[in-house]
Amino acid sequence: MNKETKTVIVTGSSSGVGAASCIEFAKRGWNVVINYSKSKDNALDVVKACESLGVKTLLCQANVANEGDCKKMVTDTINTFGRIDALVNNAGATKFCDYSNLDGLSKKDFQELYEVNVIGAYQMVKLSAEYLKESQGAIVNISSISAISGVGSSIAYAASKGALSTMTLSLAHALSPEVRVNGICPGFIQTRWTKGFLGERYESVKEKIEKASLVNKTSLPKDIAKGVIYLAVEALTTSGQLITIDGGQLVNQGKL
């Protein structure tokens, strides 16, 4: 075990932003812990991509809503690499429901989303905190533009991301000065998940948002991943911040 090599845990990293973040860390020579809940084949593709860059990886199946799974992931990381230098809380869940359909969301729906999007992130932070303090490390929570605008796949989703954003600020206080804690609030991202949600409307929605954004572009997963790298690796005097990466979508939302 080479305890000198920096190590990152990225939850929900079998695809999308999580996978792209793993690859960006691997490009910088970090050990990478790749987490999936169900999509093992996709996660194995991420393992191959990272290892092709010459780094070591650890593949962990875990549902972050389960505290036991979180504990095992952190323990396995320490047993394998001996340290944790960054934690990226990317795992997320949603339920699609039109905002006007208040009966479409139940108490259970809210609880399930909070268990993954908020409590799961908290559990990972709590269990990793002592190791992150030792390494003077960083946490990056992947929130959403929904946390700011209130608009997203459902009211429950937007509320949970709002809670995650607020928790990010609280954790920045709680873990200072040793650990920096920041969040990213992405807008529209070109992912398989987005395409699956929008179906035939994907291209038209994407085009509408691009035309209304300030840069006439929507983000790729790697664009968000570069923001993760900035906050985790480069922004050594930044903590308690929520960075919006949306091409100016939120600022210019009057045109949507």
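Which residues in H1 meet which residues in H9? In this predicted model, local features need pLDDT of at least 70, side-chain atom pairs count only at pLDDT 80 or more, and totals for chains, interfaces and linings use all residues. Residues are numbered from 1 along each chain as its sequence is written, and side-chain values use heavy atoms, without hydrogens or water.

From H1 come Gly16, Val17, Ala20, Ser21, Glu24 and Phe25; from H9 come Pro221, Lys222, Ile224, Ala225, Lys226, Val228, Ile229, Ala232 and Val233. Contact means heavy atoms within 4.5 Å. By class, the residues of this contact are 10 nonpolar, two polar and three charged. Nonpolar covers Ala, Val, Leu, Ile, Met, Phe, Trp, Tyr, Cys and Pro; charged covers Asp, Glu, Lys and Arg; the others, Gly among them, are polar.

Now the geometry. The axes of H1 (residues 16-27) and H9 (residues 221-234) come within 8 Å and cross at roughly 55°. H1 is therefore oblique to H9. Angles under 35 degrees count as roughly parallel, over 145 as roughly antiparallel, 65 to 115 as roughly perpendicular, and the rest as oblique.

Gln136 sits in the loop between H4 (107-135) and E5 (138-142). Its phi is positive, near 55°.

Technical notes. Axes fitted to C-alpha atoms, helices over the stretch in contact; angles between N-to-C directions. Helix = DSSP H or I, 4+ residues; strand = E, 2+ residues; numbered from the N terminus.
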